[in-house]
Amino acid sequence: MSSNSNTSGGFLETKFRLKENGTDVRTEIVAGLTTFMTMAYIIALNPNLLTGFGAEGMNLWNGVFMATCIASAIGMFVMAFAANKPFALAPGMGLNSFFAVVVANVVAMTGMTYVESYQAALIIILIEGIVFIVLSIFNVREQIVEAIPLGVRMGIAPAIGLMLMNIGLGSNAGIYSENGGPFYAMRDFFGALTAGTAKTAMGSGYGPMVLTVITMFVGLFAIVVLAKKGVKGAVLLGMLIASVVYWVGDLAFLGQNPFASLATANWLPPFADMASTTLFKFNFAGFAQIGWFTVTTLVITFCMIDMFDTIGTLVGTASRANMLDKDGKMPQMKEALLADAVGTVAGACTGTSTVTTFVESASGVEAGGRTGLTAFTTGILFLACMFIAPIAAIIPAAATSSALIYVGILMMSGLQNVDFSKMEQIVPVALMLIAMPISGSIGHAIGIGLITYTVIEVFTGKAKDVSVVTYVISLLFLLKFFLVA
């Protein structure tokens with residue numbers, strides 16, 4: 001047994017260069033599990049969004065569920081073995097909602113069924129993925145990363161931090177009741193003038209809201225205390241503590257059994273449903289009805305949003321993990337960008353929207369993840385969810401909020417790298433700080449930052465200091481915001 005363990009450790013050391021990156025197998029696996037727990041919500045939420053919460057039939061829902069697990073895992077395996085980076089991938093939030101709107105528009109334009117329109121729209125995702133693979137191979141995407149001014153790059157991490165805090169305190173744990181919803185902690189609980197106002201507004205949702213708030217702050221403080229004491233896996237342990245608090249509260253005070261769904265859960269992966277609805281089910285005849293101009297516009301839109309979401313996540317998270325060199329560049333950036341391109345093609349072939357690097361990867365990085373073994377672990381867990389999805393489903397959203405808030409706070413420290421004495425740095429960064437959490441889009445916030453930087457440089461006599469690529473990107477974002485959006 002010892003011999004096998006040594007052999008396994010030797011293989012992992014050779015493959016992922018653990019010592020060189022200041023980590024070990026245990027730390028990487030814990031980091032991968034931490035990342036998984038903070039982003040496991042996407043496994044059920046993605047098919048919910050793409051199929052109207054099952055309104056389009058459970059066959060399609062099951063197909064998208066399987067595609068989410070498989071495409072995410074493929075993207076993470078490429079990230080692990082090609083780039084050796086700890087970043088996780090999955091169908092991107094925002095991009096999946098946009099894709100659902102596109103499918104609905106295709107239904108209205110062509111008169112096809114939702115499933116037929118879905119299968120036609122998947123070809124748009126396939127084209128996007130292929131374009132990204134080509135751009136990645138020829139280093140075009142890497143050149144775009146390098147064209148982002150250093151000051152703007154340094155502001156990406158703290159802006160992502162604010163977005164994570166906003167997700168954790170705002171939109172991650174929504175409560176529904178007979179009075180409607182979703183009701184959110186920061187807007188509807190802390191935002192209420194009095195506790196009575198909140199209770200009246202939320203109705204029966206007030207009890208779950210109180211439990212949610214208690215859970216997220218118990219989890220947050222547990223993580224902070226454990227991290228301050230130097231306990232490894234503090235984020236994961238804090239999430240587990242928060243989960244127990246929520247489960248106990250659910251049973252003792254709300255009279256609900258949080259494990260009830262396990263008794264009737266289906267533990268067998270619905271391979272047949274995926275094969276009949278989404279697996280290589282490209283509707284080329286329906287695709288031809290969409291029109292080339294519309295298709296071209298949609299491909300460009302998907303590409304721009306995905307490209308800068310991925311770039312922002314990679315640069316911001318790598319900055320927090322000290323993976324950037326003195327010029328603000330990340331080694332193996334090309335391979336890391338290739339991972340989301342391959343994941344997107346895999347997503348189109350299996351049946352889901354654009355796969356992108358997830359901002360929740362920051363939780364695994366904070367747990368000590370520094371190599372591809374973290375991404376590989378998360379990928380394995382995504383595949384396992386085809387069999388154990390019911391277990392992932394009982395992790396309370398409030399527990400993941402604790403981790404997101406904590407990681408968001410830590411990422412705010414990146415502001416110390418911004419030169420506050422330079423207007424061309426602080427103004428774009430300040431706008432990104434507010435735009436990212438409000439818009440919910442990393443890419444759009446970077447676009448606003450680049451446009452601002454370019455305008456300031458041009459009108460202060462430093463137009464020659466702006467690269468041609470930066471001008472082009474700023475122009476494309478202007479067109480995106482005012483003509484395409």
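Author: Let us begin with Gln425, which touches Gly151, Val418 and Asp419 when residues up to four places away in sequence are not counted. The model is a predicted one. Gln425 lies in helix α21, residues 423–439.

Reader: Why does Gln425 count as buried?

Author: The relative accessibility of Gln425 is 16%. The term buried applies under 20%, so Gln425 at 16% counts as buried.

Reader: What makes Ala263 count as exposed?

Author: Ala263 has a relative accessibility of 71%, and exposed means over 50%. Therefore Ala263 counts as exposed. Ala263 lies in helix α13, residues 260–263. The C-alpha atoms of Ala263 and Pro390 are separated by 9.6 Å, and these residues are 127 residues apart along the chain.

Reader: Why is the pair of Phe99 and Tyr118 called edge-to-face?

Author: By the rule for ring pairs, the count comes to 18 aromatic pairs. For Phe99 and Tyr118, the distance is 5.4 Å centre to centre, with 90° between the planes. Ring centres must lie within 6.5 Å to form a pair, and planes over 60 degrees apart count as edge-to-face.

Reader: Which residues touch the most other members of the largest nonpolar core?

Author: These are Met79, Phe99, Tyr118, Phe308 and Ile311, in a core of 139 residues. Leaving aside neighbours within four places in sequence, Ile311 is in contact with Arg141, Ile144, Val145, Ile148 and Leu337.

Reader: What makes Asp340 and Arg141 a salt bridge?

Author: The closest N and O atoms of Asp340 and Arg141 are 3.0 Å apart. A salt bridge requires a side-chain nitrogen of Lys or Arg within 4 Å of a carboxyl oxygen of Asp or Glu, so this pair qualifies. Asp340 lies in helix α17 (residues 333–350) and Arg141 in helix α7 (residues 140–147), so the pair ties together parts that are 199 residues apart in sequence. Asp340 is buried, with a relative accessible area of 0%, and Arg141 is buried, with a relative accessible area of 0%. Arg141 also lies over the face of Phe132, at 4.0 Å from the ring centre.

Reader: How many salt bridges does the structure hold?

Author: The structure holds 3 salt bridges. One of them is formed by Asp188 with Arg187, the closest N and O atoms being 2.9 Å apart. Another joins the side chains of Glu20 and Arg17, at 3.4 Å from N to O.

Reader: Is Glu20 buried or exposed?

Author: Glu20 has a relative accessible area of 60%. Exposed means over 50%, so Glu20 is exposed. Arg17, at 32% relative accessibility, counts as partly exposed, because that term covers the values between 20% and 50%. Arg17 lies in the loop between α1 (2–16) and α2 (25–39). Phi of Arg17 is near 50°, a positive value in a residue other than glycine.

Reader: Why is α16 described as largely enclosed by the rest of the structure?

Author: Of the 29 residues of α16, 22 are buried, so α16 is largely enclosed by the rest of the structure. Just after α16, Asn322 takes a positive phi of about 60°.

Reader: Which residues does a cis peptide bond join?

Author: A cis peptide bond joins Gly181 and Pro182, with omega about 5°. Pro182 lies in strand β3, residues 180–183.

Notes:
Residues numbered from 1 in each chain as written. Predicted model: local features only at pLDDT ≥ 70, side-chain atom pairs only at ≥ 80, totals over all residues. Heavy atoms only, no water. Core = buried A, V, L, I, M, F, W, Y, C linked by side-chain atoms within 4.5 Å. Buried < 20%, exposed > 50% of the residue type's maximum accessible area, 1.4 Å probe, protein only. Contact = heavy atoms within 4.5 Å. Phe/Tyr/Trp six-rings, centres within 6.5 Å; stacked < 30°, edge-to-face > 60°. Lys NZ or Arg CZ within 6 Å of the ring centre and 35° of its normal. Helix = DSSP H or I, 4+ residues; strand = E, 2+ residues; numbered from the N terminus.
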